[in-house]
Amino acid sequence: MKISIRPTGPAQGRWQVQLDGFAVQFRNETEARQFVSTLQTRLNAPHALPRTLLRSA
């Protein structure tokens with residue numbers, strides 16, 4: 001997943017996080033960066049497969 005952070009306009013002071021083709025708006029850069037940090041932590045965390053998928057494999 002490609003994740004980018006950018007200001008939406010200097011007059012507005014708002015920031016946008018782009019997740020592939022999906023955009024999320026934030027009130028400021030700090031909120032946008034906190035969101036990305038949390039998202040990356042969750043994406044990089046180990047994920048176990050559900051037992052039903054493991055049995056059919």
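Guide: Begin with contact, which means heavy atoms within 4.5 Å. Keep in mind that this is a predicted model. Leaving out residues up to four places away in sequence, W15 touches I5, R6, P7, T8, V24, Q25, F26, N28, E29 and A32.

Visitor: Which residues make up the largest nonpolar core?

Guide: A nonpolar core is a set of buried residues of nonpolar kinds, joined through side-chain atoms within 4.5 Å. The largest one here has 8 residues: W15, V17, L19, V24, F26, A32, V36 and L39. At least two residues of this core come from each of β2, β3 and α1.

Visitor: How many residues does helix α1 have, and what is its reach from first C-alpha to last?

Guide: Helix α1 runs over residues 29-44, which is 16 residues. From its first C-alpha to its last it reaches 22 Å, close to the 22 Å expected at 1.5 Å a residue.

Visitor: Which residues of α1 are buried?

Guide: The cut-off for buried is under 20% relative accessible area. In α1 the buried residues are A32, V36 and L39. These three are on the same side of α1, because they cover an arc of only 65° around the axis. Among the elements that cover them are β1 (3-9), β2 (14-19) and β3 (22-26).

Visitor: Which exposed residues does the face turned away from the buried side of α1 carry?

Guide: That face carries T30, Q34, T41 and R42, which are exposed. Another residue placed in helix α1 is Q40. Q40 is partly exposed, with a relative accessible area of 38%. The C-alpha atoms of Q40 and I3 are separated by 9.1 Å, and these residues are 37 residues apart along the chain.

Visitor: What is found at the start of α1?

Guide: There, a side-chain oxygen of N28 reaches to within 3.2 Å of the backbone nitrogen of T30. N28 belongs to the loop between β3 and α1, and its relative accessible area of 31% makes it partly exposed. Setting aside residues up to four places away in sequence, N28 touches G13 and W15. The contact with N28 is also in the list for W15.

Visitor: How many salt bridges does the rule count?

Guide: Side chains of opposite charge can pair when their charged atoms come close. In this model the count comes to 2 salt bridges. One joins the side chains of E31 and R27, at 2.7 Å from N to O. E31 is partly exposed at 22% relative accessibility, whereas R27 is exposed at 60%.

Visitor: And where do E29 and R33 lie?

Guide: Both lie in helix α1, 4 residues apart, which is about one turn of the helix. E29 and R33 form a salt bridge, with their closest N and O atoms 2.8 Å apart. E29 is partly exposed at 32% relative accessibility, and R33 is partly exposed too, at 45%.

Visitor: Is Q16 buried or exposed?

Guide: With 8% relative accessibility, Q16 counts as buried. Q16 is found in strand β2. A polar contact of 2.7 Å links the side chain of Q16 to that of R6. Apart from its neighbours within four places in sequence, Q16 is in contact with S4, I5, R6, T8, A23, V24 and Q25.

Visitor: How should I read backbone angles, and what is phi of D20 near?

Guide: Most residues other than glycine have a negative phi. Phi of D20 is near 50°, a positive value in a residue other than glycine. D20 sits in the loop between β2 and β3. At 47% relative accessibility, D20 counts as partly exposed.

Methods. Residues are numbered from 1 along each chain as its sequence is written. This is a predicted model: local features need pLDDT of at least 70, side-chain atom pairs count only at pLDDT 80 or more; totals for chains, interfaces and linings use all residues. Side-chain values use heavy atoms; hydrogens and water are left out. The expected span of a helix is 1.5 Å times one less than its number of residues. Buried means under 20% relative accessible area, exposed over 50%, partly exposed in between (1.4 Å probe, protein chains only). The arc is that of the directions from the helix axis to the C-beta atoms. A polar contact is a pair of N or O atoms within 3.5 Å; within protein, one must be able to donate a hydrogen and the other to accept it, and residues adjacent in sequence count only if both atoms are side-chain atoms. A salt bridge is a side-chain nitrogen of Lys or Arg within 4 Å of a carboxyl oxygen of Asp or Glu.
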